[in-house]
Amino acid sequence: MRIPNEINRDNLYRRRRRGGLTTQTYRRLFRLMLALVLVLMVMRQAARPGVYAIFFPETMVAVQAETTSHSVQETIAKESRADESSTDGVRSEWETVQAAIADQILSKDQTLEDGERTPTRMEQESLIAQVDDGTVWRAADQPALCATLALHRSSAAWSDEPPFESVLETSLLPLLQQPDVYRGRTVRATGKLVRLVSVQASTNQWGIDRYWDCWLQPEDGSQRPWLVIVPQLPKGIRELVPDLASDLSSSGSVDVTSPLPTIVVEGEFLKRLSYQSADGAELTPVVVGHVQAVRSNGNAVVGSAIQSTTANGSGVRPVAKKRSLSIGMIVLISTLIGVAIGSFVMWRSAVSHRRLRARRQHDNVTLPVLIALTLGFSSLTMNQVWGVAPQVETVDQAEETSSSASDSSLLDILSGFDVERLERLRNRMRTGSNGNAARDEQAKLVFRLKRLSAATLDQRLPEASESPISIGDAIDIEGTIESFQFVAVPDELTEFLGMRQLVELSLVDEAGSPMLVVAAPLPKQVAVGDKLSGVGVSLHDGSEPPAVAIAVAGNLRWRPAQPESLGWQVLSEMDVDITRLPEITALSRRPLMDADSEVFFSIIGAADRAGSMPANEEPLGPIAAAMRGAVVEVSPADLLKEPEKWMGQWIGIDVETVRWTRVSVELDDRAREVGSDHYYQIDAIGDLGNVQLKIATEDGGVVTMENRYPVTLVAAELPAFLADEKALSRTISKPVRVEGFFYRLWSYESDFMASHGGKQFAPLLIAGRWADRTSASKDPIGVSWIGTFAAVGVVASILAALLYAWFNRRGDRLARQQRA
């Protein structure tokens, strides 16, 4: 058998014939050179660290705030800007008014450093609300951009003004599709850094002279980039643009060479920016914040900068520190491990051979007595030691658990408020003095509490009702309204807080104890005798009970004594917060937003229970049955004409389904309100009758719709004649009658309205009862009768024609006889 050579396809044995030796040697040399080049190319590619990044990903390195002050160049640049600003003249009227309003909002503890001031969250949100979405950079966008950059300029400012809600992990697509939902919210953007642009900032009151545009390639595989803007670059990224980073007066851009480093940016979503690309005008989301973490991905510049900074102990902080070993140490350790493994294998082979020889010679194989005694003693000693240690650790853990106590204070989540500030507010409310200052403090405190979720406030409530309540603790508010009055919010705070008035309530609980509460606005239907409940912050010390307890709350849950309708009564009895219904009405003709979540999911569960609840079920059965009996028949035209009138009412409507889609509910709290981990959205068509609807578009055009109009239905479960357990979406046309709670008008994207430059809006009904309107007859329009009548007519026509012909022939025959 001849074994072939893999290089020249010849066998490995010596040839007997020497013919063609010169040609064969040349070919062999050429092939060996090609193989050598291939090996060198493979070795060169194998030496790149980025090749192994997918198998051994690098550790993400968290960025630390730099503790050093401004550099000499920054100081010089700041002085030059001050000289230039002094010669530019007075600032514009708008900047002067904004600065005056911002100074009034600042608390007494805030200070100025080097002429630069850090904005508050309220100022930032107000400026972000003025941003033009879907456009290029406008002059109105610069205040919001600079204020957000100033808020992220240092870790101190970020810790003083943390986001009201947790940081959202999101991708590029939700920001493009739902900009109104995410605008102003803190998100986390992750991607590979493709391009760096240094931009000179316009004149602003926050001291921002320059910022960096970072173009990222998303890690989810999307081809569309997004833009993140940061006030400064961390060490590691600065080394990619040393010329631009050192010269503060220069502007320019640099494309990052491969391998691309990955950065994580935490900041606020500002707008969708229009930019020019090779495919034309495109939109990209803009996130303004600070770099939170960096990963080099094999980039030599970034990797060496991170390692040098880690060795110096400043600039960046690795999440998991690893001590690097030299090549000689690695070779030594590998050699020792190889020798140890070889020695162990040789020893095991020798022992095995010795036992085999002993077995062949019929000798007994025993262990030495000394080794057995040593092993037994060691095992006994270790068992004794480890038998005691876990018991001691368990006792320590039990003592630590018993010593821990729950904290019911809200001061750690009420930024800017402390015990002294709350005491001053309490004294002003008791005496009624310093009215304007007291209203300012009340409005700011209500605004802070209004932004907190109900779950967060419920967690801070003390478990034992007998425990004393201190100033700043969470307090349970529940009672009947004895009197109330509306308090106007100062004009300078209205724009920032989004509230025009507060309500001051005098409540009495079941025990007859009075309480004075200042809270967010309530619906105009509130009246004396209605009940309110919620969680607020206490302004009195429980050690010395006052004559009247004082508290401040955000959103209170309202339960009217005489509801406006049976629908509102059923919703309030099913723990739906109908206090927020006026706020939901203000969102008419807008997409579903985060503000809808507090009411939307709970109404889905309430409609499902109210539609199937028996009349004899106490205590809500009779009320639900009466509501179903008083159902109001409406048409899509009625809902489009007066949507506020039908908000929260139980109505009935006839529609024809088009398609349904199953929607997952990810949050456990929302799934609990719905009663399931999903709900269904049904697209349907309703009859407009003789109404002609004209819709104005954003570009000034008018779209006319008549005969039929889209209606959206939402239900916790589908009826049997529509359901399909195996499908997530299904197209089905079926006439149905639906009863449920009307929610509001909502808007969504549709191809028809997009072609006319607008958005489609439709009534949104949360269904509770279904009825199939499909006719039970096999011939609903009488096709068989039409065929019968046609057949009878044809036969009658034939008979008439024959009779007419017979009469004509008979007349002709008589005429011929007379002539004859």
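Biologist: Which residues make the nonpolar surface patch of about 900 Å²?

Modeller: In this predicted model, that patch is made by Met329, Leu332, Ile333, Leu336, Ile337, Ile341, Phe344, Val345 and Trp347. Patches are made of residues with over 30% relative accessible area and no salt bridge, with nonpolar side chains (Val, Leu, Ile, Met, Phe, Trp, Tyr) joined within 5 Å and like charges within 9 Å. A salt bridge is a side-chain nitrogen of Lys or Arg within 4 Å of a carboxyl oxygen of Asp or Glu. Accessible areas come from the Shrake-Rupley method with a 1.4 Å probe, and for residues only the protein chains shown count as cover.

Biologist: Where is Trp347?

Modeller: Trp347 is placed in helix α11, residues 327-360. Helices (H or I, at least four residues) and strands (E, at least two) are DSSP runs, numbered from the N terminus.

Biologist: And what should I know about the numbering and the confidence limits?

Modeller: Residues are numbered from 1 along each chain as its sequence is written. Local features of this predicted model need pLDDT of at least 70 and side-chain atom pairs count only at pLDDT 80 or more, while totals for chains, interfaces and linings use all residues; side-chain values use heavy atoms, with hydrogens and water left out.

Biologist: Is Arg819 buried or exposed?

Modeller: Arg819 counts as exposed because its relative accessibility is 65%. Buried means under 20% relative accessible area, exposed over 50%, and partly exposed in between. Arg819 lies in helix α24, residues 783-819.

Biologist: Turning to aromatics, how many aromatic pairs does the structure hold?

Modeller: There are 13 aromatic pairs. Rings of Phe, Tyr and Trp (its six-membered ring) pair if their centres lie within 6.5 Å; planes under 30 degrees apart count as stacked, over 60 as edge-to-face and the rest as tilted. Phe600 and Tyr743 are edge-to-face because their planes stand at 65 degrees, with ring centres 5.5 Å apart. This pair links distant parts of the chain, 143 residues apart: Phe600 is in helix α19 (residues 597-612) and Tyr743 in strand β20 (residues 729-748). Both Phe600 and Tyr743 are buried.

Biologist: Which residues do ring pairs link into a cluster?

Modeller: The cluster consists of Phe600, Phe601, Tyr679 and Tyr743.

Biologist: Now, how much of helix α4 is covered?

Modeller: Helix α4 (residues 121-128) is mostly covered, with seven of its eight residues buried. Among them are Arg121, Glu123 and Leu127.

Biologist: Which peptide bond to Pro259 is cis?

Modeller: The bond from Ser258 to Pro259 is cis, with omega near 0 degrees. Pro259 sits in the loop between β6 (252-255) and β7 (262-277). The bond from Glu618 to Pro619 is also cis, and Pro619 is in the loop between α19 and α20 (621-629).

Biologist: What is the phi of Asp575?

Modeller: Asp575 has a positive phi of about 65 degrees, although it is not a glycine. Most residues other than glycine have a negative phi, and most peptide bonds are trans. Asp575 lies in the loop between α17 (566-573) and α18 (581-585), and Asp575 counts as exposed at 52% relative accessibility.

Note on methods
Buried < 20%, exposed > 50% of the residue type's maximum accessible area, 1.4 Å probe, protein only.
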